[in-house]
Amino acid sequence: MTSEEPPAVWCIVANVVEERPYGPGGEETRRGLKIFPAGAKLYVPDGFGGMGWETVEVVGRGRGSARYVGARVQTRQLTNWRVKAVYSPAALKQVERIRAGRPGFWLAPTSADVTSQAYHDALLEVAAALATR
């Protein structure tokens with residue numbers, strides 16, 4: 001009996017910045033975010049286009065936890081934008097929960113096959129645009 005692996009699902013991936021300004025006027029610096037440590041790998045399945053993609057929804061391992069959690073973070077607090085396949089079943093479950101059957105990032109329904117090369121290429125364009133924010 002053989003079990004087939006489900007096809008990989010494409011998703012934008014980014015890392016949490018090492019340090020970020022904090023406090024009045026950004027006088028202090030903090031490492032990472034409250035929920036995610038500095039350098040954490042985050043899957044970015046969707047964002048809020050009406051706000052100019054300033055905020056995105058992410059999935060990653062929380063600080064001090066092995067569990068994947070979802071959160072909303074500001075785009076400027078992420079770096080190293082790229083597109084990768086999601087292989088972890090736990091991460092994939094969270095990504096699919098956020099996408100809710102949609103391709104994410106207001107992509108056309110024709111690119112809804114999240115395992116296709118066309119979807120990968122469309123996400124590359126979105127990741128490049130997010131990197132400039």
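This is a predicted model: local features need pLDDT of at least 70, side-chain atom pairs count only at pLDDT 80 or more; totals for chains, interfaces and linings use all residues.
Trainee: What is the strand order in the open sheet?
Mentor: The order is 6-5-4-1-7, five strands in total, and the pairing is antiparallel.

Trainee: Which strands are at the edges?
Mentor: Strand 6, residues 68–74, and strand 7, residues 78–86. Each of them pairs on one side only.

Trainee: And how many degrees of twist from one strand to the next?
Mentor: The average is 40 degrees.

Trainee: Let's go to strand 5. How many bridges does strand 5 have to strand 4?
Mentor: Three, in the antiparallel sense, between residues 41–47 of strand 4 and residues 55–61 of strand 5. Two of the pairs can be named: Asp46 has Glu57 as its bridge partner, and Tyr43 has Val59.

Trainee: How many bridges join strand 5 to strand 6?
Mentor: Seven, and those two strands also run antiparallel. Val59 turns up again here, with Gly70 as its bridge partner in strand 6.

Trainee: What sits between those two strands in the hairpin?
Mentor: Six residues. In that hairpin Gly64 takes a positive phi near 70 degrees.

Trainee: Is strand 5 mostly covered or mostly open?
Mentor: Mostly covered, with six of its seven residues buried.

Trainee: Where in the chain are the two partners?
Mentor: Arg72 is in strand 6 and Glu57 is in strand 5, 15 residues apart, so the pair is one that links distant parts of the chain.

Trainee: Are Arg72 and Glu57 buried or exposed?
Mentor: One of each. Arg72 counts as exposed because its relative accessible area is 58%. Glu57 counts as buried because its value is 17%, and the cut-off for buried is under 20%. Glu57 is also the bridge partner of Asp46, as mentioned above.

Trainee: Next, Asn15. Where is Asn15?
Mentor: In strand 1, which covers residues 9–16. Asn15 counts as buried because its relative accessibility is 13%.

Trainee: What does the Asn15 side chain make polar contacts with?
Mentor: One is with the side chain of Asn80, at 3.1 Å. Another joins the Asn15 side chain to that of Arg82, at 2.8 Å.

Trainee: What else does Asn15 touch, beyond four places in sequence?
Mentor: Besides Asn80 and Arg82, the residues are Gly39, Ala40, Lys41, Gln77, Leu78 and Thr79.

Trainee: Now the loops. Where is Gly32?
Mentor: In the loop between strand 3, residues 28–31, and strand 4. Gly32 counts as buried because its relative accessibility is 0%.

Trainee: What is the C-alpha separation between Gly32 and Val16?
Mentor: It is 6.0 Å, for two residues that are 16 places apart along the chain. Val16 is also among the residues that Gly32 touches, as are Val17, Glu18, Arg20, Pro37, Ala38 and Arg63. That list leaves out residues up to four places away.

Trainee: Last one, Thr75. Which loop holds Thr75?
Mentor: The loop between strand 6 and strand 7.

Trainee: Why does Thr75 count as buried?
Mentor: Because its relative accessible area is 3%. Leaving aside neighbours within four places, Thr75 is in contact with Trp53, Glu54, Thr55, Val56, Trp81, Leu130 and Arg133.

Terms used
Residues are numbered from 1 along each chain as its sequence is written. Side-chain values use heavy atoms; hydrogens and water are left out. Two strands pair if DSSP finds at least two bridges between them. Helices (H or I, at least four residues) and strands (E, at least two) are DSSP runs, numbered from the N terminus. Axes are lines fitted to C-alpha atoms, for helices over the stretch in contact, and angles run from 0 to 180 degrees between N-to-C directions. Buried means under 20% relative accessible area, exposed over 50%, partly exposed in between (1.4 Å probe, protein chains only). Contact means heavy atoms within 4.5 Å. A polar contact is a pair of N or O atoms within 3.5 Å; within protein, one must be able to donate a hydrogen and the other to accept it, and residues adjacent in sequence count only if both atoms are side-chain atoms.
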